[in-house]
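Have the sequence and the model open side by side.

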Amino acid sequence: MSMIKLEKINMSYEGTRVITDLSLSIDQGEYLYIVGENGSGKTTLLKGLLRLKKLDSGEIIFGDGLKRSEIGYLPQKTEIQKDFPASVREVVRSGRISRKRFGLFYSSSDKKAAKNAMEKLEIKNLSKKCYHDLSGGQQQRVLLARAVCASQKLLILDEPVSGLDVSAAREMYDIIDMLNREGMTVIMITHDIERVIKSKGHVLHLGKSHALFFGTCNEYKSMAADGGLWEKSI
């Protein structure tokens with residue numbers, strides 16, 4: 001069974017239909033890029049997957065025993081995020097909050113998950129540092145570690161390298177690739193078309209109100225070159 005199945009979903013943003021009759025399946029271990037011009041519904045779709053925004057109609061079905069609380073989410077970077085008044089360890093541990101029904105304290109399993117996530121992303125040495133004192137690349141690693149702490153199954157990433165320099169962006173991509181190779185399903189919004197066409201996995205290209213393409217990265221490379229889809233992704 002697919003990890004996620006979309007069945008004829010329709011979604012709107014501020015009263016305007018941005019997703020129309022979209023159906024697709026995402027398998028466990030998949031790497032799905034979502035591309036498209038601004039206003040094409042990319043972030044709206046992610047919020048639908050996260051149950052943060054209602055569908056107009058259709059259905060999103062989670063398989064593989066996946067629960068909403070087991071999805072790791074890295075939203076678009078904001079100015080507010082830069083000033084979190086907390087330590088790196090506290091930010092990473094906060095990825096477990098959605099799993100907690102009772103109590104205010106983190107369990108031993110929560111603390112272990114945070115420790116493992118920091119080790120995996122090589123930021124354990126930063127655990128006691130204040131988040132807002134870190135560089136932009138380090139802050140993104142911390143937020144990605146927070147998402148990993150929340151889930152061992154699925155990561156949903158909204159432009160995870162936005163605002164990073166070339167070196168920091170490459171490091172982020174390498175980490176995400178590593179997580180995917182280890183079995184993590186990745187769904188990522190990106191404007192980096194050069195990255196997409198050199199990658200393996202699948203691409204969903206959204207246009208205004210409807211999907212323009214869904215298929216493999218290799219298929220997208222050929223069709224985009226012929227049909228001019230790349231320009232519509234910028």
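A polar contact is a pair of N or O atoms within 3.5 Å; within protein, one must be able to donate a hydrogen and the other to accept it, and residues adjacent in sequence count only if both atoms are side-chain atoms. The model is predicted, so local features need pLDDT of at least 70 and side-chain atom pairs count only at pLDDT 80 or more, while totals for chains, interfaces and linings use all residues. Residues are numbered from 1 along each chain as its sequence is written, and side-chain values use heavy atoms, with hydrogens and water left out.

Start with K42, which is found in helix α1. Helices (H or I, at least four residues) and strands (E, at least two) are DSSP runs, numbered from the N terminus. The side chain of K42 reaches the backbone oxygen of G36 at 2.9 Å, and a polar atom of that side chain lies 3.1 Å from the backbone oxygen of E37. K42 is buried yet has no salt bridge; E159, the nearest side chain of opposite charge, is 5.7 Å away. Here Lys and Arg count as positive and Asp and Glu as negative, with His and the chain ends not counted. Buried means under 20% relative accessible area, exposed over 50%, and partly exposed in between (1.4 Å probe, protein chains only). A salt bridge is a side-chain nitrogen of Lys or Arg within 4 Å of a carboxyl oxygen of Asp or Glu.

Side chains of opposite charge can pair when their charged atoms come close. The structure holds nine salt bridges. One of them joins D56 to R17, with the closest N and O atoms 3.3 Å apart. D56 lies in the loop between α1 and β4 (57-62) and R17 in strand β2, so the pair ties together parts that are 39 residues apart in sequence. D56 is partly exposed at 41% relative accessibility, and R17 is partly exposed at 37%.

The salt bridge of D110 with R96 has its closest N and O atoms 2.9 Å apart. Because D110 lies in helix α3 (residues 108-120) and R96 in the loop between α2 (88-93) and α3, this pair ties together parts that are 14 residues apart in sequence. D110 is buried at 5% relative accessibility, and R96 is buried at 10%.

Within helix α3, K115 and E119 are four residues apart, which means a separation of about one helical turn. They form a salt bridge, the closest N and O atoms being 2.8 Å apart. K115, E119 and K124 are linked in a network of salt bridges.

Now turn to the backbone. Most residues other than glycine have a negative phi. K8, in strand β1 (residues 4-13), has a positive phi of about 50° and is exposed, with a relative accessible area of 55%. D21, in strand β2, also has a positive phi, near 50°; D21 is partly exposed at 47%.

What lines the largest cavity? On a 1 Å grid over the protein atoms alone, a cavity is a set of points where a 1.4 Å probe fits but cannot get out, and lining residues have an atom within 4 Å of a point. Grid points are joined across faces, edges and corners, and a volume is the space filled by probe spheres set on the points. The count comes to one cavity of 30 Å³ or more, and the largest has a volume of about 40 Å³. Its lining is L6, L24, I26, L32, I34, L45, L49, I187 and L204. The elements giving two or more residues to this lining are β2 (16-26), β3 (31-36) and α1 (42-49).

How values were computed:
On a 1 Å grid over the protein atoms alone, a cavity is a set of points where a 1.4 Å probe fits but cannot get out, and a pocket is an open set with protein on both sides within 12 Å along at least five of seven lines; lining residues have an atom within 4 Å of a point.
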